[in-house]
Amino acid sequence: MPDTGYGDYETIDLRLDERVAWLTLNRPDKLNALTPATMHELRDVFTRVDDDEDVCVVVLRGAGERAFCAGMDLAWSEKLTPRERVEQGRLGEKTFAMMERASVPVVAAVHGYAVGGGLELALAADFIVASDDAKVGLVEITLSARPPYRPKMTEDGDPDQPEYGGSAPGWGGVKRLPERIGKARAKELLFTGARIDAERALRLGLVNDVYPAAEFGERVGELARRIAAMNRYNLRLVKELVTSGYDWIEPHPS
């Protein structure tokens, strides 16, 4: 792998190739679940990408065959004190907001499971493309649900459910999902904690396109190379205009 000049990372892999930054969550044995180390490494990458004139697009993906990202690492979650739970929420939201504000386009390439914080991460990208084997959802509400909807991993108790008050997705999903698919559809998914397949995600507008699993890497590569062929400053300008709701009539306000 060529030297990126970004340094070595513990939980992610970064490869620069022809103006594309291939950013891979690299904990396949843990379904690429997110840890504090991952959050800090993502923050470092997106800080550097903003200043790297050799990067025109970032493609975010997950290592292994089973998952893009299974959300927050349970080993991390179970050990948190009440105060630390507040801070982990802030860390995730700040990290994903930094990714959302990256100058260049960010594409989430989702295969397998993208649930909970994993889908919240994907939603912070400019758009999502999915493999036809993808399963996505903001499933947090099910962690303290009654059977049969409560998953086995929390049958002894949900560590994120406070004794008093409520718990909801905390890394931007309750904001970004309605922006992507509309409030009514977002409420349905959030109220039920449903995990949906790629075709329904496409119908809802949650993902932009669905590619066959056997062609997923090739199709994502074609998309990334096309975006990377564009002028970096034009990409940055268009992203700013769309994100901020500006019209290109007067000189650009930035």
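Modeller: A strand here is a DSSP run of at least two residues, numbered from the N terminus. Keep in mind that this is a predicted model.

Colleague: Where does Thr11 lie?

Modeller: Thr11 sits in the segment before strand S1, which covers 12–17.

Colleague: Is Thr11 buried or exposed?

Modeller: The general idea is a cut-off: buried means under 20% relative accessible area. Thr11 has a relative accessible area of 4%, so Thr11 is buried.

Colleague: Which side chains make polar contacts with the side chain of Thr11?

Modeller: Look for pairs of N or O atoms within 3.5 Å. Another links the side chain of Thr11 to that of Glu41, at 2.7 Å.

Colleague: Which residues does Thr11 touch, not counting residues up to four places away in sequence?

Modeller: Thr38 and Glu41 are both among them.

Colleague: On to strand pairing. How many bridges join S1 to S2?

Modeller: Two strands pair if DSSP finds at least two bridges between them. S1 and S2 (residues 20–25) are joined by 6 bridges, and they run antiparallel. Take one example: Arg15 has Trp22, in S2, as its bridge partner.

Colleague: What do S1 and S2 form?

Modeller: They form a hairpin, with 2 residues between the strands. In the turn, Glu18 has a positive phi of about 50 degrees.

Colleague: Now the pockets. What volume does the largest pocket have?

Modeller: A pocket is an open set of grid points, and its lining residues have an atom within 4 Å of a point. The largest pocket has a volume of about 1,200 Å³. It is lined by 43 residues, and those closest to its centre are Gly116, Val139, Glu140, Leu143 and Met153.

Colleague: Which elements give two or more residues to that lining of the largest pocket?

Modeller: They are helix H2 (74–77), helix H3 (82–100), strand S6 (113–115) and helix H4 (117–123). H3 gives the most, with 5 residues. By class, the lining of the largest pocket has 20 nonpolar, 14 polar and 9 charged residues.

Colleague: How much space lies in the second largest pocket?

Modeller: About 360 Å³. Of its 16 lining residues, Glu100, Arg101, Asp126, Lys239 and Thr243 are the closest to the centre. Helix H5 (173–181) and helix H9 (232–244) each supply at least two lining residues. H9 has the largest share, 5 residues. By class, the lining of the second largest pocket has 4 nonpolar, 3 polar and 9 charged residues.

Methods: Residues numbered from 1 in each chain as written. Predicted model: local features only at pLDDT ≥ 70, side-chain atom pairs only at ≥ 80, totals over all residues. Heavy atoms only, no water. 1 Å grid on protein atoms, 1.4 Å probe; cavity = no way out; pocket = protein on both sides within 12 Å on 5 of 7 lines; lining within 4 Å. Points joined across faces, edges and corners; volume = space filled by probe spheres on them. Helix = DSSP H or I, 4+ residues; strand = E, 2+ residues; numbered from the N terminus. Nonpolar A, V, L, I, M, F, W, Y, C, P; charged D, E, K, R; others polar. Buried < 20%, exposed > 50% of the residue type's maximum accessible area, 1.4 Å probe, protein only. Polar contact = N/O pair within 3.5 Å; in protein donor to acceptor, adjacent residues only side chain to side chain. Contact = heavy atoms within 4.5 Å.
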